[in-house]
Amino acid sequence: MSRSSMKFSLAQRVLHWGMALGILAMLFIGVGMMSTIDSVYLLLVNIHKPLGIVILALALLRLAVRWRTGAPPLPAGMSEPMKLAARLSHVAFYVLMIAMPLLGWSMLSAADYPVVFAGMRLPSIVPPNAELHSMLWTAHRALAFCLFALFLLHFAAALFHAWVRKDGVFETMTSGRSDRRR
Amino acid sequence: MKKHQDAPSAGLPIVVRLAAILCLVIAAACAFAYAAGWLTPARLTPTKIVDSLAPPGGPVKGFRRNHAKGICFAGSFEANGDAVEISRAPMFKVGTYPVTGRFNLAGPIPTMADGTGRVRGLSLRIQAADGQEWRTAMINPPLFPIATPKDFYELQRANANKDDPSAAKQFAASHPSLRAFGAWAGTAPFAESYAEDRFNSLNSFVFTNAQGQSQTVRWSFIPTAAVVPVPPDELKKRDPDFLFKEITERVAAAPQKWKLVVTLANPGDPTSDPTKVWPDDRRQIEAGTLLVTRIEPEADGACRDINFDPTVLPEGIHTSDDPFPAARSAAYAVSYDRRTAESSHYPRTQAEGKP
């Protein structure tokens, strides 16, 4: 097994940890802003919207990088159901990373609400429509909780690999010394 | 199996490691629950504010949770260029900008009689060519009855407290700003037309000009039509929709106009408290004229599905230390999310061939 195939590429690792931080921030800001009327509400909203656009761009970039670079193989010692769960969870992450910003953007478009990024108004991606807004808003909200649940699962699985199985899966995403052959 | 980076757990039994993972996952979930306000039931949320506005029989589905009765209009804002001195907002440059607006009455019931509406509102969306928007929702009293969003919520609760009729009185006694508002409400004439009402931002905002200088302001739309009061004993006899019928006929006959007057705060003026009126001698700049050119019934009107969120602002205008715009934005969003989910309760009429 080549050294490079034991780890995600540097670009993938940077994208992973950067986006992990951004997505967690989005989830906390999202539920936080829905639960306050203090002036921090506007600060949170004004971070949430442009950060969502940034995450959308990074998620598309990451998908392209994954397409080109692929991923290190899962250890042979993992059972088939576990491997399947790992792969499905990654698919779910990609779907949600791309769908969540698009749902947020389109829900604002459906509400005829301006989406401003870096001082520029972005185009509306769906026509204004109250019923459509309601559907998109409901989906954005529900999938946000799904995404957080998926994060918890991913977090637990990563630690399980690192501390219990010790099978090198966790290290494929870190820059530690464990990339050497074991 | 030799590992280095997990040295702290290297010698620990599996059970302890699993417990550590479980604890971390639970901690993350708790942090999330805290951010969401689930662990702090006392937190004043936009949901609570909106719930507090509901009438005793529950909210009227499909309608705005406050200022539920309204009528849409189309028009324009003609800027004279004078406000460019204090704000670089695109709609202050000389020119004509399309406006979508709504006249409305404060209150949660869309079938209320116009004669019972003490507080009237004007909401506007002014659009610049570059896609920037200025949304504002104003009312006709010269001051707000309540100094903070929290007090606003407490007032709603006190008024709704049927078990303790003295609750509202106690609240009024401890909030003297209510008296000043009561004095206005008790003496100000009821104009016979929206076209004769003056509408005030009450909340302060900060204007920033092209040089980067900032100035805290409030603004008003001042009618060009003279006020013709409806005698108080006649108010109850009027048609429940007399304001809507009047403005529809009036605008059909001729565009109705308001002057936008921006009032500049002096250093030290209270900018965070909409119950405190600034002295009369503050500098004012007339920025342009609002023309209302077409009235549209709300059911099919362009204003219907617009959230007149007062924090949708162009470059050159931003929020000040006034706590209300943020609270209003948060609450309006909840109202919007609820009423759009109930669209079927407020059907459009166009499909049935009505105008």
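**Entry 1: domains and confidence**

I began with the domain bounds of chain B, which is divided into domain 1 (1-43) and domain 2 (56-344). These bounds come from an automatic or database domain assignment. I then looked up how far apart the two centres lie, and over C-alpha atoms they are separated by 49 Å.

A note to myself on the ground rules: this is a predicted model, in which local features need pLDDT of at least 70, side-chain atom pairs count only at pLDDT 80 or more, and totals for chains, interfaces and linings use all residues. Residues are numbered from 1 along each chain as its sequence is written, while chains are lettered from A and ligands numbered from 1 in the order in which they are written.

For pLDDT (the predictor's confidence in each residue, from 0 to 100), I find a mean of 94 in chain B, with 95% of its residues at 70 or more. Over residues 1-6 of chain B, pLDDT stays under 50. I looked for contacts there (C-beta atoms, placed from the backbone, within 7 Å), and the model has 8 beyond four places in sequence for that stretch. For the complex, the predictor gives an ipTM of 0.93 and a pTM of 0.93.

**Entry 2: chain A**

I moved to chain A and listed its 4 helices and 2 strands. Helices (H or I, at least four residues) and strands (E, at least two) are DSSP runs, numbered from the N terminus. Along the sequence I read the pattern α-α-α-β-β-α. The C-alpha trace spans about 55 × 30 × 30 Å along the principal axes of chain A.

Of the 182 residues of chain A, 28% count as buried. My cut-offs here go by other C-beta atoms within 10 Å of a residue's own, placed from the backbone: 20 or more is buried, 12 or fewer is exposed, and in between is partly exposed.

I checked the length of helix 4 of chain A too. Its 36 residues should span 52 Å at 1.5 Å a residue, and the end C-alpha atoms are 50 Å apart, which agrees. The expected span is 1.5 Å times one less than the number of residues. Just after this helix, A:Lys166 takes a positive phi of about 50°.

**Entry 3: where the chains touch**

Next I looked up the contact between the chains, which takes 36 residues from chain A and 45 residues from chain B. On the chain A side, helix 1 (10-33), helix 2 (40-69) and helix 4 (130-165) each supply at least two residues. Which helix gives the most to this side? Helix 4 of chain A does, with 14 residues.

I sorted the chain A side by residue type and got 21 nonpolar, 9 polar and 6 charged. In this sorting, Ala, Val, Leu, Ile, Met, Phe, Trp, Tyr, Cys and Pro count as nonpolar, Asp, Glu, Lys and Arg as charged, and the others, Gly among them, as polar.

**Entry 4: chain B and its strands**

Chain B comes to 9 helices and 12 strands. Its C-alpha trace spans about 90 × 55 × 50 Å along the principal axes, and 39% of its 355 residues count as buried.

I followed the strand pairing from strand 7 onwards, taking strands as paired if DSSP finds at least two bridges between them. Strand 7 (residues 205-208) of chain B runs antiparallel to strand 8 of chain B, with 4 bridges. B:Phe207 stands opposite B:Gln215 in strand 8. These two strands form a hairpin with 5 residues between them, and B:Gly212 in the turn has a positive phi of about 85°.

Strand 8 of chain B is also joined to strand 10 (residues 256-264) by 7 bridges, again antiparallel. There I found B:Ile222 opposite B:Lys259. Strand 10 of chain B goes on to pair with strand 11 in the antiparallel sense over 8 bridges, and B:Lys257 stands opposite B:Leu291. Strand 11 (residues 284-296) pairs with strand 1 (residues 69-79) of chain B, antiparallel over 8 bridges, where B:Ala74 faces B:Arg294.

**Entry 5: one proline**

Last, I looked up B:Pro142, in the loop between strand 4 (133-139) and helix 4 (149-160) of chain B. Is B:Pro142 buried or partly exposed? B:Pro142 counts as partly exposed because it has 14 C-beta neighbours inside 10 Å. Leaving aside neighbours within four places in sequence, B:Pro142 is in contact with B:Trp184, B:Asn200 and B:Val277. I followed B:Asn200 back to the strands, and its bridge partner in strand 8 of chain B is B:Ser220.

How values were computed
Contact = placed C-beta atoms within 7 Å.
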